[in-house]
Amino acid sequence: MAAQIIFEINNSALPRTLFILIFFQFFWSCEAESQSKYIFNHLGIKDGLSSEKAHATAQDSKGYIWIATKNGLQRFDGVRFLSFRHQEGDSTSIPHNSIMRLCIDKHDKLWIITADFKLGYFDINRFRFHPVKIVFKNKMLNRAEGDFYTDENQEIILVLHHYNDDAWGIVTFDQKKNIFSDEDKRFDLPGDRRISFFSIDSLHHHYWYGTNQGLVKYNPETGNFNYRGHNPDKDAIINALQNFSETGHPLLDRRGNFWMTTFQDNKNVHLIFYDFKNKKVIDRSDELQKAIGTYYEIHNILPGSDGDVWLNGLGMLVHVNDKNNFEVVPLNSFEEYNINFEDSYTFRHDRENNTWITTDNGLYWFNPQANLFRSTPIRRFNSRKNFKADVTDIKELHNGNILVSTWGAGLVEYDKNFEPVNSPIVRQGIEKGEEMVWSILQRRNGDVWRGHQDGWLYIYHAKSNSTEKIQLPVFRKKTIRQIAEDRNGNLWFGTQGGDVIKWISKSDSFYLARKMNKLVKRLYGDNKGDIWVITEKVIQLNADNDSMMHEYVPLKADGRHLPSPDLNDIKQYDDSTFIIAGEQVSILNTNTGMFRYLSSNTGMPSDYISNVVISKDGNPWMSTENGIYVRNFKTTVSSTFGPEDGLINSKFANAASCLLRNGTIIFGTSRDILSFDPLKLYSPEFAPPHVEITAVKLFNKNLLVDSILHLKRMEVKYFENSFVFQFSTLSFMWKYNTAYMMEGIDKKWVKSSSSNEAVYSYLPPGNYVFKVGAPDSKGNISNIVSMPIHIEAPIWKTWEFYTTLLLLGGFIIWRLYKERKNHWKNILYMRSTIGKDLHNEVRTTLKNISALSEIAAIKADSNQEQAKDYIREIKQKSRRSVIAMDDVMWSIDPANDSMNKIIDRIYEIADTLNSEYETRIDIDIDKNVQHLRFSMKERLEFMMIYKRAVLLLSRDSHSKHIKVDLDKEKGGLSLKLFAEGTLLSEFDQKVLKSVEEIKTRASDINAVAEIQSDASGTAILTVIHHKKQA
């Protein structure tokens, strides 16, 4: 769209006189622009079309639009494109990216012809191409040069025009043989006629052929071919057009008129028209050339969606209207919703009667029947100039004409068909300089009052057919923005300066009724004839005594106030309900004085509303910044209409609207008036369309939807759990709401966004059902499309796995229990063994003590010295027994399980022996041994080995210095004791006994003990290999 410069002026802040200078310099230089009466939608590369050159379109049975482009085949669902291109080495892909011809038959075979003349059909469900051969006159053709058509049964027809092979004719598809052949007698034209164009008329289903030898008609009822010199059916059209050769584009329209082209002079293509009613043949080439004004070439003459006639081609798009006149659609316009191309190719209709036009500038579609909004330019009678002026007021006059006031262009009057009329009101106003008009009111006597800039009043007196222009002091030269009439026939005026002036009809007098001190934006007479005034607040005035009945002020949307001082319009909905428009919509209940509010948060397209009109069926229609909004207050169903519905200009003027007596609603804009029939636009009761799932993506990989829908359910692995569902109503004329839900995830229906897409990421394993549908006016969703989904659980989340895990867990618990039991059994055994050893040692010691005691008693009288020796020995054995018991008790105490306790015990023993035998014991302990743990047995034996070794060296061998090293070695703990200069006696029984005890204890715990002794000293090494204890 071409760039536009928009001037926004705050009217209340800038004096009108200054703005007039700016306005007229811009305004009067504006001439009428050629504006298309149709609303064209465009698809180009920026929208996803793969090439600006779109060659053909077709619609399948589901409603998808298929597009042949120079860069591939595409499917369009109204939101997204799905593209197909040639893949090298894949015979099922399309054979060439440039698709020239496209057609779909009743079997949903999508027939294509490529730029290299390859022929075949594309499976629209499995997305696979199938090549098809052509047999013509018993010859296999290698090239498919021609155009597709379909007969009355939607069977595919191929019209051949092979310039090189001299193959001119029609072939049809043989389903059984999977070939095109020329065996169908309907198309076996006599002679050597070359068929270049073909059509089937909608009136009689007769076949019409454009050939090099003139027009030919085939009548299926009689089986006759009719042409020049052979007209057995006495066809009037053949008879009238028999003198033309080189005919093309034959078309019989709904009125019985016939159209075709001829190139018989080999110089120019002529457009020939046969007027059936008047039995005349007319060459309309010059008429068409004059209408278009530039060079053109006709590519198609086709019926419109409602039976009218359209012509398209190079540099042309022309409509033949009901009066049989050419209406040229403006081309090469960069205005939004216009059409812009140099060449157009095909002209096709879909099931909604949308018309799709392929061009060298992308793809366009429009719907002439659906253009329900009529834009009428500000234009006076017998003038071609369109004024770009703000509409300020609209009134339907008593005679049914429509009077429009503007700021800058004065008045314009239209008839009921919105054609400008030669109006005395307008004419006389122009003569008196009426240009800046703000408000209109027609009194019951037919007089028309207008409020003007600078406090001027213009009054058209119907009885005298004259106009009066007055400027009264009471208006203080302030713009008269509003006029309203009360129940007494008196008039009320609202000014730019904030004054409310009242005119008493009986006395023809004016006076200041109320000073508002703010710009009066709206005056409105309610059903009782009282007057409502809108400034930055709303007040209701008694029409009889001018007193204020109610006042409503802005503060916030708390139910008791207006939400904003920015107010524009007010309308009465019923006896106690008023709708106030501005920034948001405030719905006032006059019985309670409470407000309800509508805004973008409640579904409105905008928070700024310029006008409200109550239609004849009781629905409020509102003009907003983003389109027109309607809401049924009873059902709360609402709709919004925007550019896609034919509403081009949404720059609505404030408080400029009208409801005509026939139900038509008119809104004023910044440059025209917009009219529409609300009953054609909106119906609270409607049947929602079917919703089609157009794409399913699994981790962004497209799946074949049709194949999935035929499955009982879609099954995927646990790691394939992120889905994107895309769907569409496949409606290109109307926009419908859609909703979706995933059973198992969503608890209620989710309203879809404009993208019509649902995304579910990382679903847990389980069963789901994706559902999508379109709600009706009551919110009910029917015609639901469902897709069951099963996400397999991973092996570790299946019941088999849980069962196995449970059994394994039970087994592990049993094993742990058994190991624990064995462990305690071993501990009890060790304790028992230790206890037995201790018992034996104590028992032996006690026996020795007992024997020594008896001997000492015997010797006490005879040999006292010897008795003392026995007593000393008894003391030593008793002490050893206590020490041994202490060692055992220390070992079996669980508190001494840690290595730190063992190290403390090592130091404790060293200190004791050091003080008792005056032996210095140096201990060096590797810090890494602190992490080792020993069993009770290992702990006891290790400490006994250490203690026995230290006693052996200190007490028995009288060493004065012992070095002890405790180190962590691979696989266990090493204990090294070295006494320098100490030699063990080989004959001392105590020494031998101690050595034997060390080795025996080491052997009991699978340890190794080595003792070496020579003149340099004695070394004792013990290495304990142990397992970590649980």
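These legends walk through several close-up views of a predicted model. Residues are numbered from 1 along each chain as its sequence is written, and this predicted model was read with a pLDDT of at least 70 for local features and 80 or more for side-chain atom pairs, while totals for chains, interfaces and linings use all residues. Side-chain values rest on heavy atoms, with hydrogens and water left out.

**View 1**
Helices (H or I, at least four residues) and strands (E, at least two) are DSSP runs, numbered from the N terminus. Of the 1030 residues in the chain, 50% are buried; here buried means under 20% relative accessible area, exposed means over 50%, and partly exposed lies in between (1.4 Å probe, protein chains only). The chain has an accessible surface of about 50,700 Å², and 50% of that belongs to carbon and sulfur atoms. Accessible areas come from the Shrake-Rupley method with a 1.4 Å probe, and for residues only the protein chains shown count as cover. Among contacts with a separation of 6 or more, 53% join residues 24 or more positions apart, a contact being heavy atoms within 4.5 Å.

**View 2. Strand 29 (residues 355-359) and its two hairpins.**
Have a look at strand 29 first: 5 of its 5 residues are buried, so the strand is largely enclosed by the rest of the structure. Thr355, Ile357 and Thr359 point one way from strand 29, while Trp356 and Thr358 point the other way. On one side of the pairing, strand 28 (residues 344-349) runs antiparallel to strand 29 and is joined to it by 4 bridges; two strands count as paired if DSSP finds at least two bridges between them. His349 stands opposite Thr355 here. The hairpin of strands 28 and 29 has 5 residues between them, and Asn353 in the turn has a positive phi of about 70°. Strand 30 (residues 362-366) also pairs with strand 29 in the antiparallel sense, over 5 bridges.

**View 3. The largest nonpolar core, with 39 residues.**
A nonpolar core is a set of buried Ala, Val, Leu, Ile, Met, Phe, Trp, Tyr and Cys residues joined through side-chain atoms within 4.5 Å. Phe942, Tyr946 and Leu977 touch the most other members of this core. At least two core residues come from each of helix 9, strand 67 (920-925), helix 10 (936-956), strand 68 (961-969), strand 69 (972-980), helix 11 (989-1004), strand 70 (1007-1014) and strand 71 (1017-1025). Helix 10 gives the most, with 9 residues. Leaving aside residues up to four places away in sequence, Tyr946 touches Ile906, Ile909, Ala910, Ile923, Val964 and Leu975. A second, separate core has 24 residues, including Ile693, Val696, Val716 and Phe727. In soluble globular proteins, nonpolar side chains tend to be buried together.

**View 4. Salt bridges, some of the 37 found in the whole structure.**
A salt bridge is a side-chain nitrogen of Lys or Arg within 4 Å of a carboxyl oxygen of Asp or Glu. Arg254 and Asp322 form one, with the closest N and O atoms 3.4 Å apart. Arg254 sits in the loop between strand 20 (247-252) and strand 21 (258-262) and Asp322 in the loop between strand 26 (316-320) and strand 27 (326-328), so the pair ties together parts that are 68 residues apart in sequence. Arg254 is partly exposed at 37%, and Asp322 is exposed at 60%. Lys395 meets Asp393 at 3.0 Å between the closest N and O atoms; Lys395 is partly exposed at 24%, whereas Asp393 is buried at 7%. Glu908 and Arg905 pair at 3.4 Å, N to O, and they are 3 residues apart in helix 9 (residues 899-917), about one helical turn. Glu908 is partly exposed at 44%, while Arg905 is buried at 7%. Finally, Glu941, Arg948, Glu997 and Arg1001 are linked in a network of salt bridges.

**View 5. A nonpolar surface patch of about 850 Å².**
Patches are made of residues with over 30% relative accessible area and no salt bridge, where like charges are joined within 9 Å and nonpolar side chains (Val, Leu, Ile, Met, Phe, Trp, Tyr) within 5 Å. Tyr802, Leu805, Leu808, Phe811, Ile812, Trp814, Leu816 and Tyr817 make this patch. Trp814 lies in helix 7 (residues 799-862) and is partly exposed, at 41% relative accessibility.
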